[in-house]
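The following explanation leads the reader through a structure, from single elements to whole chains and back to individual residues. Please keep the sequence and the coordinates in view while reading.

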Amino acid sequence: MIEEILSPEFVMISLPPMLVGLLACLACALPGNFLLLRRQALIGDAISHVALPGIVLAFLLTGTVAAWPMLLGAGAAALVAVALIEAVRRLGRIESGAAMGVVFTALFAAGVLLLERSDASSVHLDVQHALYGNLESLIWFDAMGWGSLLDPAALATLPEAAPRLAVVLVAIALLTRLFWKELALTTFDPAHASAIGLPTGLIGAGLAAATAVAAVAAFDAVGSIIVIAMFVCPPAAARLMTDRLGRQVAWSLVFAAISAIGGYVLAGYGPGWFGRPDAVSAAGMIAVVAGAILAAACLAGPRRRRAGATAA
Amino acid sequence: MEALAALVAALTLQAGWNASLVALGAGMLGLAAGGAGAFLFLRKRALVSDAASHATLPGVAAAFLVMVAFGGDGRFLPGLMLGSAISAGLGLALVAWITRATRLAEDAAIGAVLSVSFGLGIVLLTVIQIVPAGKAAGLEGFLLGSTAGMLQSEAVTIAVAGAIAAALVFALRRPMTLVAFDPEHAEATGVGVWRTDLAMMGVALLVTVVGLKIVGLVLIVALLIIPPVAARFWTDRVSTLALLATAFGGVAGYVGAAISSIEARLPTGPIIVLAAFAIFAVSFLVSPRRGVLAALLRRRRLEARVHLRQGLLALARGEAVYDRLTLRLLLARGWIRRDGAMTEAGRAAAAAAALDEARWSLARRLLPEAGVAERYDGLTPIGESLTPDQIARIDRGLARPEALA
């Protein structure tokens, strides 16, 4: 095992997807904590569905599969979706879950239709990719071994999803640290927060924007399953471990990291342990590991019950 | 033109036996989905079915593996449907258990079950790729639905199952309406809320399973959510809402399936969803009660009334009016001339407005017991708010202001 990890092949083939998976999981789990506490856990679900038409439109307009136009397209689609959901909710006085359901399914359907009608499928842009990403195809061609991590020339050829997600993760982490008190207050006691003059609406919008950025940046590399699973599962499991927000965030990051690394290892090497040379879907396995962690927390987490509920 | 002819043929069931069966099946499915969805919507459970539909994937994949392991054809549709129903049921049970046994809210439970079971399904799909019989399994078709190249037996299965689901919704409509409208009352009259909710989830499950092949598991939830939301724009009555949602769902399923049968590159699931969304979009725009156009019109009308009233009061006080909109409105009513001078009718209207305003302000002092202050909005003529007797009393006061002091 150690020998395998030290080999150049590991750095070339296994390290990039592990790194990208890890960064994506952390970037999604972090804002997921606040979404969970605000009962907005399904926003990640909606955004990752909505990103598809944005990405397809960006491709049709620019004719390339470059990352930035697609990120912009997905971001624009997310904005349109949020505006539509609000309009449906307010004008129709429709409950927000149903309003969300209408908008994200319709936009996703439009994305699939656009995809089918265009020739995008010839450039590896297809629905399967959107759903479960292409972690396995991330390869660091110039890697000669672990030493390449210190070699600027080799580092420049890392799959670009890695530095992009690193930037997103650092930005979200910094913003979370910077606005920690505001986020905590508006999450736990919005009435009090607005009474002492905090712009609750603005902070909520900022959180939604950070969520969209994380979802869209991760979506491209790892597909929507991981995005949805990471917004919900690690924070939910962490919530069952502790009552303190700081510890919950820390737990959720640990769980996200375990899911990312453990899921990738199980998917890539697991079948080998049963004597099969093949690999199974890494994105799917990461979600499954996250689910297993959540299941364990549901069964044995020290703070799994509602306050006031007696142990049965 | 050719496409139009093909569409007409498909809509009138002239496009071949299979296509007709699929269109009928999709129509039945839509009816059942709209009806069941209406009750899910009213019970605020709309997104629970999203967890169930994503949870079908591991069931489909596992059923395929089991059938292959026993030497059968892994693509046998009823077998796949049974597998998907079992795992979707498990998914629903998990959502219920997480919400009850832990302190996590329902949305978190839904998100977790949805994503994890979908991830598990994808893992199993890649396992299927590994086993020899799985190379051409084509189970990816269940993600977004595909009716192209459907076997006749499959089309029959779907049409029959869709009809059963629609019949179930019809049979359960009374208890479901009662529970949706007033759960406590329903419980008191002996309609078990828990039992009815369970039956409703059962129908939603059936819709999901039947819809797998046509609409696909990613989008089937749309057929449960969009029709009732569209119906909500037209009515406030539970029974009408259920009826409308059923009809909307049926039309979306039937028309969507017919459109997609015209050409290969019109995927069935997305087209059906977009057909439902088109119905929603029309409702959202033009519904007379809650539609966007109606809201805009109401706003314009209110704005016009405020401007007219304020313009008339200004004219009555002998002040000049500068506001463009006010001037235009006064001109359109024939109350002023182009040079801004009042017409005869304008003088009468201004005098009436001034009298009304004077009556209101006195009414607030004379009749505090009638809640006049709350009813004054600066627009409503006083005659609509007070009785002639009360107005006569106010007018006596206006005629002799010194008597009031």
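**Helices, chains and selected residues**

Helix H11 of chain B is followed by B:Gly216, a residue whose phi is positive, near 90°. The model discussed here is a predicted one. H11(B) itself contains 22 residues and reaches 32 Å from its first C-alpha to its last, close to the 32 Å expected at 1.5 Å a residue.

H11(B) also belongs to the surroundings of another helix, H9 of chain B. Within helix H9 (residues 173-181) of chain B, the residues B:Pro175, B:Met176, B:Thr177, B:Val179 and B:Ala180 are buried. The buried residues of H9(B) pack against helix H2 (17-42), helix H10 (183-188), helix H11 (193-214) and helix H13 (238-260) of chain B.

These elements belong to a chain with 20 helices and zero strands. Of the 405 residues in chain B, 48% are buried. Among the contacts in chain B that link residues at least 6 apart in sequence, 71% join residues at least 24 apart. The C-alpha trace of chain B spans about 105 × 60 × 35 Å along its principal axes. Its radius of gyration is 31 Å, whereas a compact globule of 405 residues would have one near 22 Å. The domain assignment divides chain B into domain 1 (2-287) and domain 2 (293-404), and the C-alpha centres of these two domains lie 56 Å apart.

For chain B, an unreviewed UniProt entry lists residues 25-42, 51-70, 76-98, 110-131, 151-172, 203-226, 238-259 and 271-288 under "transmembrane region". Two of these spans may be compared with the model. Residues 25-42 of chain B are 100% helix and 0% strand, with end C-alpha atoms 26 Å apart. Residues 271-288 of chain B are 89% helix and 0% strand, and here the end C-alpha atoms lie 27 Å apart.

Attention now turns to the contact between the chains. Chain B contributes 50 residues to this contact and chain A contributes 52 residues. On the side of chain B that touches chain A, two or more residues come from each of helix H5 (77-101), helix H6 (106-130), helix H7 (141-144), helix H12 (220-232), helix H14 (268-286) and helix H15 (292-316) of chain B. H6(B) gives the most to this side, with 16 residues. By class, the side of chain B that touches chain A has 38 nonpolar, five polar and seven charged residues.

In chain A, A:Thr186 has its place in helix H9 (residues 180-188). A:Thr186 counts as buried because 25 other C-beta atoms lie within 10 Å. Beyond residues up to four places away in sequence, A:Thr186 touches A:Ala193, A:Leu198, A:Thr200, A:Ile203 and A:Gly204. By contrast, A:Ser281 is 95 residues from A:Thr186 in sequence and 39 Å from it in space, C-alpha to C-alpha.

Most residues other than glycine have a negative phi. A:Arg93 has a positive phi of about 45° although it is not a glycine, and A:Arg93 is found in the loop between helix H4 (67-92) and helix H5 (96-117) of chain A. A:Arg93 counts as exposed because it has 11 C-beta neighbours inside 10 Å. B:Lys44, likewise not a glycine, has a positive phi of about 55°. B:Lys44 lies in the loop between H2 and helix H3 (48-54) of chain B. With 13 other C-beta atoms within 10 Å, B:Lys44 is partly exposed.

Key
Residues numbered from 1 in each chain as written. Chains lettered and ligands numbered in written order. Predicted model: local features only at pLDDT ≥ 70, side-chain atom pairs only at ≥ 80, totals over all residues. Helix = DSSP H or I, 4+ residues; strand = E, 2+ residues; numbered from the N terminus. Buried ≥ 20, exposed ≤ 12 C-beta atoms within 10 Å, placed from the backbone. Contact = placed C-beta atoms within 7 Å. UniProt positions renumbered as here; feature names shortened; annotations may be inferred. Domains from an automatic or database assignment. Rg over C-alpha atoms; globule rule 2.2 N^0.38 Å. Nonpolar A, V, L, I, M, F, W, Y, C, P; charged D, E, K, R; others polar. Expected span 1.5 Å × (residues − 1).
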